[in-house]
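Dear colleague,

Please find below the structure that I am handing over to you. My notes on what was found in it follow directly after.

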Amino acid sequence: MTRGRAITCLLWILGGCAESADPSFDATDGRAEDGADGGCRAGGTDCSGACVDTRSDPDNCGSCGRRCDAGEVCNEGICASTCAGGLRNCSGACVDVNTDERHCGECDRPCAANEECRAGRCVCVPACAGRTCGPDGCGGSCPPGCGTGFTCSATGTCTCSGTVCGSACCPAGQVCISGQCCSPNWRRDFPDTFLKGIAADPDGTFIAVGSVGAGLDLADGHQALAIQIDACGREVDREAFMPTGAVRARANAVAVSRTHAYVAGVMGPSVSGGGATDGFVTRVAKSPLPVGLFVEIHVGLWGGDLNDEVGDVAIADDGSLWLAGVTEAAPAWANHCAWTVKGNAATGAACGWNPFGDCTADSAWSVAAVPASRRVYLAGRRGAGAFLAGWSSSECSTVAPCPCAPSVPAVTFAPVGALMAEGRAIATGSTDMHVAGYSEQPGGDYAGMVARIASGRATVAPPWNPTARIDGFLAAGREAGGAGGVIVAGVTNWDGSGTSATATGAVVRYNPSTLAVEWTAYPVGAGACWDVAFDAAGGIVVACVSPTSSSVRRCTPAGVCP
């Protein structure tokens, strides 16, 4: 082995390129064997099966077979007496030893097939065929390279030591949610807000709604609020708005269609302490979030100057819009009534009615549309018990008069020994339904309630009653598109005020069949958790409040909540 060849091998070792036992390029004839047509390297010419550089080869100077006379050199394809232009005479060939791969740095120092001559040194540059990335062991790489978070092996393969997430690689400790690498337990705080509702959008974002202005009590100047959040909890956009004629407003719930979000809640058309509250629903374009009014129900769900409120909103598969609410049949909420509204999302027509035709201290707080079944369910309070009733989404009119009794008869239930029970949320399943809420126990204590309704019968779980104050559930949802566990969210140890210092938010998973509690989580710093949604990776996203701010948090399916 010549000294020059030994130096070249040393460069391979130091640079990470191993010398091939069967190189694809023979330095003596310059032919690249892996070429599709057995062709020569750039700058080479095939002369009778040999790759030559006609710019410097004295036997093929300028063209194949043209030989320079004795004593002449081949200089830039012309036979001449001397080399010019800074070229060196290497056995009759005028070459640039800074770039010539047969004479790299000095005469008769060839580079290997996977090397190029750069500044007089042979540098490893592997072929990119079959490779997707670098490094190649010599500081180079083959395009297009690896995506964010990937590493590249010595053979040019992009590898991910964590979780592949679209074109990125999530490192250990992160999860892939809707094409983004996110913390499995993120939390985002929103000061001076009161967020009561949240819904997942099929595009992977969430829309949370409530009011600008913290606290449960609706005060003058509070505006309804919608906030768009991405899969990792980052705020994308927000819109605060006041329904026409209102001086105060709070959104309670949101439902999402392909192009819009429908925000429903309560508004005060006059100053605090005077007049009545009305329910409203507003259509909001999803991205960005400019407000476009759809229909505002601010003439009273029942009619007249009464206190009315929309508690929930749902969109059925046929595009019909359904609201759950409560209206007052007498002053000071003495004898309130359950109320429901059906609307046409395309035209804005809407009509509301009392589902029972009478008032016995009734209320309706939750409405849910079951995908594919074209059924809509209503839950709330009927007399002293909770109820679940339903319709086909094609039933009932959006034009007055529109009374429409439930075609799925109401099932009324309460825990054994309870003085009162109220349903606050519905979790839809494929063969059964679950209603979550609370019940009043003897002695003025309140406990959380979960019931399973199947085949027209209700089975009620034992009361969830960790404290002697108000414990109750305000939200519910079913994991895995209606096939998984029942997740409920709410509050424990609440004193009933909007500034309770003792209240603590809670998230609980129930077995859908046995109604056994499988885990309980208490999000840090949450005073109450008002709504729950699910992301594409099975995460549980809850909207929680404290006296001065709100938060949206992602809990894992195992019940780890930030």
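Arg88 is partly exposed, at 39% relative accessibility; buried means under 20% relative accessible area, exposed over 50%, and partly exposed in between, with a 1.4 Å probe and protein chains only. Its place is in strand E7 (residues 88-90), where strands (E, at least two residues) and helices (H or I, at least four) are DSSP runs numbered from the N terminus. Leaving aside neighbours within four places in sequence, Arg88 is in contact (heavy atoms within 4.5 Å) with Cys83, Ala93, Cys94, Val95, Val97, Gly105, Glu106 and Cys107. Arg88 and Asn75 are 13 residues apart in sequence and 9.5 Å apart in space, C-alpha to C-alpha.

Please note that this is a predicted model, in which local features need pLDDT of at least 70 and side-chain atom pairs count only at pLDDT 80 or more, while totals for chains, interfaces and linings use all residues. Residues are numbered from 1 along each chain as its sequence is written, and side-chain values use heavy atoms, with hydrogens and water left out.

As to the chain overall, the protein chain has one helix and 43 strands. Of its 562 residues, 51% count as buried. Among the contacts in the protein chain with a separation of 6 or more, 44% come from residues 24 or more positions apart.

I turn next to the aromatic rings. A search of the whole structure finds nine aromatic pairs; rings of Phe, Tyr and Trp (its six-membered ring) pair if their centres lie within 6.5 Å, and planes under 30 degrees apart count as stacked, over 60 as edge-to-face and the rest as tilted. One of the pairs joins Phe356 and Phe387 edge-to-face, at 5.0 Å centre to centre and with 85° between the planes. This pair links distant parts of the chain, 31 residues apart: Phe356 is in the loop between strand E28 (350-353) and strand E29 (363-370), and Phe387 is in strand E31 (residues 385-392). Phe387 is buried, because its relative accessible area is 0%. Tyr438 and Tyr446 also form an edge-to-face pair, at 6.2 Å centre to centre and 65° between the planes. Tyr438 counts as buried at 17% relative accessibility, whereas Tyr446 counts as partly exposed at 22%. Ring pairs also link Trp322, Trp353 and Trp391 into a cluster.

How many cavities of 30 Å³ or more are there? The count comes to two. On a 1 Å grid over the protein atoms alone, a cavity is a set of points where a 1.4 Å probe fits but cannot get out, and lining residues have an atom within 4 Å of a point; grid points are joined across faces, edges and corners, and a volume is the space filled by probe spheres set on the points. The largest cavity holds about 160 Å³ of space. Its lining has 16 residues, of which Trp494, Ser497, Gly498, Ala528 and Val545 lie nearest its centre. Strand E38 (486-494) and strand E41 (528-534) are the elements that give two or more residues to this lining.

Finally, some backbone details. The peptide bond from Ala400 to Pro401 is cis, with omega near -5°. Ser48, which is not a glycine, has a positive phi near 60°, and Ser48 is exposed, with a relative accessible area of 84%.

With kind regards

Note on methods: On a 1 Å grid over the protein atoms alone, a cavity is a set of points where a 1.4 Å probe fits but cannot get out, and a pocket is an open set with protein on both sides within 12 Å along at least five of seven lines; lining residues have an atom within 4 Å of a point.
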